[in-house]
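Please look at the model shown here and keep this briefing beside it while you read.

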Amino acid sequence: MTKQLYTAKEVAELCGISESSAYKIIARLNKELKDKGYLTFSGKVSRAYFSERMYGGVAGDKAE
């Protein structure tokens, strides 16, 4: 089963940023999702939504 969520550590590694910056990005994306009525999890973000917002909807990690 493929993971549906990225953790802050994974976001930090993907973006080449600190984990604290990754948490800020995740909080921002989760707020956007929550405003749209989606369920969110603190400290994690949907892989699909992350890819959509970061890469314009292009899947970023087909290799997994």
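Helices H1 and H2 are roughly perpendicular to each other, a label given to angles of 65 to 115 degrees, whereas angles under 35 degrees count as roughly parallel, over 145 as roughly antiparallel and the rest as oblique. This is a predicted model, in which local features need pLDDT of at least 70 and side-chain atom pairs count only at pLDDT 80 or more, while totals for chains, interfaces and linings use all residues. Residues are numbered from 1 along each chain as its sequence is written, and side-chain values use heavy atoms, with hydrogens and water left out.

**The helix pair**
- H1 covers residues 8-15 and H2 covers residues 19-35, and they pack at an angle of about 105° with their axes 8 Å apart; axes are lines fitted to C-alpha atoms, for helices over the stretch in contact, and angles run from 0 to 180 degrees between N-to-C directions.
- Ala8, Lys9, Val11 and Ala12 in H1 meet Glu19, Ala22, Tyr23 and Ile26 in H2, where contact means heavy atoms within 4.5 Å.

**The whole chain**
- The protein chain has three helices and two strands, which are DSSP runs (helices H or I, at least four residues; strands E, at least two) numbered from the N terminus.
- From the N terminus on, these elements follow the order β-α-α-β-α.

**Asparagine 30**
- Asparagine 30, which lies in helix H2, counts as buried because its relative accessibility is 9%; buried means under 20% relative accessible area, exposed over 50% and partly exposed in between (1.4 Å probe, protein chains only).
- Apart from neighbours within four places in sequence, asparagine 30 is in contact with Thr40, Phe41, Lys44 and Val45.
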